[in-house]
Amino acid sequence: MRRRSTTVTLASAVLGGSLLVVAADARAGAAWGDASLARADVRIELSPDGRAQITHTVGLRVSGKKFRAFAIDGVDDGLEPPDDQATLAGRDGPGWPATATDGKGGSVEAFVEPAKEPRKLRVRLGLDGVPRGDYVVQVRYRVDLARANAFVRDGALTRFSWTAPRWPEGYDGGKIVIALPAAPTEPKLAIADVGGDGEHPADGVALLSLKRGSLADELEITRPHVPPHDDTRWILRVDPKALPSVAASVAALEHEHREAGVAPAPHGRRARTTLGVLAGALGVALGIALARRDRDAQLAGAFRPLLRLSPTARSIGYGVTSALAIAAAWTSFPLLGAACVLAAMALATQRAPFPAAEPRAVGRWLAVPDAAIAPGSRAPLGPFDPRGRTAKIALGAIAVAFGAAIALLSRRDPRAAVALAIDATLLLPLFLSGRSAQLPPDRVAGAWDRLLPIAEGLRQAEPSRVRAIARTAGRAIDEVRVRVEPRQRGASWLLEIGCGLVHGPGGARLCPEILVRTDASSGLAEHLERLTRGAPALRGEDEIALALGRSPDERVLCVRPAEARPAAIVARATALIEAAEAFASAAPAGAPRDSDVTSSEQTAAAA
């Protein structure tokens, strides 16, 4: 009798085709009604390298005149015949001999061969079938479960599952023996929940008997009765020391996935279902959040979506693509997850609105005290605008939570950390677009926030010469500037500092600019232009332009410094003032053109 290997495991049965279905061979003239099932036992022997030998012991009670064949359905792909001497000697083509005995202990000829259908073995009995009586048939084959990636790591243990053989009729005393190499930790058996991926103890369903030895452990599972078409799925967790080669191959496979950036796929139907439900719920929540963000944004300005779709279509699309991105990031589809993330971000992104190019009403410039210009900050557009307190708290909490989770996962499972980081990017367009910072800047309150530090810097030298001026149209102020008056009354120049509106990829912004108004006949504007172009800018190149003024006999030199810090603006304005005064002292000109500005005494009441 062949000596059995002591290195055995349940995994062999699991993946390796222990689904036995006795079916009639119509071509041989036999029907399943000619025999009944008396027993169906399975023994699985697993070696440390993950190779398994599976033995199916099938008891038949033949009631017809002849019973010729039955099929074993559900065997593993890539199975091989046993490698013992007797089997090798009896091989005929792809088939090999099996062992069969009758009720009196006599030997009966049996032969097993691959069927035409995939994952099936056909077992023939006798030369032309067997007569009435009881028979026991043993079918053996080998399968490499490690090559089939049947094992996965489950914490500190190695996990695999096995679905029991299914039979068209029930039988009593079903027995499964799982033999595996000895290890310090005893194997643990559980049963998967029906239709799900949870599990419950095997107690109450089967009788368990564990025989531990110095070389091998044997776990015997006995079921008093096995119902017809039983598809119980057994889950076995074993100590990796029992299967060292298998544990090494699993670690190597995980390393390859980690290097490839593939996230660990959830195991089982329940885990996939849970992931799908969670991804769907998050997708719905994100879609609703985007609809709220867009509604608040459109009430404040004409934001331009990156993709020109209706708000409803973009909200639905954002929710669906976000759900797909979350699900794909946590499975073995990283490229699909990345594509869905890009699609979701494109659907959620809002571009800054164009500033309204409306003609301004006729107005006039008035000298006003600083207190007349109320500094103000825009209110947040909604709960997702980072300018608001709620959004700041939420964004900070989300950043801390994601950062801590990614840092924790990066030590235990880098692939999961990458998947979580991918999911976190879905929130970026929700908080960072469609916000108040993208709206066109306020030409009054926003400009004065930039001009007030400049005015204070200029007032440190001669505060009486620096004053704020405002353009009024009716009772409203639509623009503010800082004016520096010359020391000599009647000088031919005036210097003003305002904020121009500059358009860029991120929207419009306010940039300080210096305006020097001079008489066209004085030549001061040309002189200052030559000096300014020859002077090095503090950073980069200044923008310099010489243009006509409000009247034909006025010239305006416009300087937009590359360095927009208040100190840099003050330094450049001071240099222009000194140059203008030096030029006026050398060649005095006519009266300045300041008739459009009312004195502070005349406008104090209006301010």
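**Buried charges and an open sheet in a predicted model**

Both Glu45 and Arg43 are buried, where buried means under 20% relative accessible area, exposed over 50%, and partly exposed in between (1.4 Å probe, protein chains only). The two residues form a salt bridge in which the closest N and O atoms are 2.9 Å apart; a salt bridge is counted when a side-chain nitrogen of Lys or Arg lies within 4 Å of a carboxyl oxygen of Asp or Glu. The model is predicted, so that local features need pLDDT of at least 70 and side-chain atom pairs count only at pLDDT 80 or more, while totals for chains, interfaces and linings use all residues. Residues are numbered from 1 along each chain as its sequence is written, and side-chain values use heavy atoms, with hydrogens and water left out.

Across the whole structure, 34 salt bridges are found. One of them joins the side chains of Glu496 and Arg483, at 2.0 Å from N to O. This pair links distant parts of the chain, with Glu496 in strand β21 (residues 493-504) and Arg483 in strand β20 (residues 476-484), 13 residues apart. Glu496 counts as buried because its relative accessibility is 1%, and Arg483 counts as buried because its relative accessibility is 1%. A further salt bridge connects Arg565 with Glu563, the closest N and O atoms being 3.3 Å apart. Arg565 has a relative accessible area of 46% and is therefore partly exposed, whereas Glu563, at 13%, is buried. Salt bridges with shared partners also join Glu479, Arg481, Arg483, Glu496, Arg517 and Glu554 into one network.

The secondary structure of the chain comprises 13 helices and 25 strands; helices (H or I, at least four residues) and strands (E, at least two) are DSSP runs, numbered from the N terminus. An open sheet of 10 strands has the order β3-β6-β5-β4-β7-β2-β1-β10-β14-β13, with mixed pairing; two strands pair if DSSP finds at least two bridges between them. Its edge strands, β3 (69-73) and β13 (207-212), each pair on one side only. Within the sheet, β10 (residues 171-181) and β14 (residues 216-226) are antiparallel and pair over 10 bridges. Ile178 has Leu219 in β14 as its bridge partner.

Of the 607 residues in the chain, 45% are buried. Among contacts (heavy atoms within 4.5 Å) with a separation of 6 or more, 74% involve residues 24 or more positions apart. The chain exposes about 30200 Å², of which carbon and sulfur atoms supply 57%; accessible areas come from the Shrake-Rupley method with a 1.4 Å probe, and for residues only the protein chains shown count as cover.
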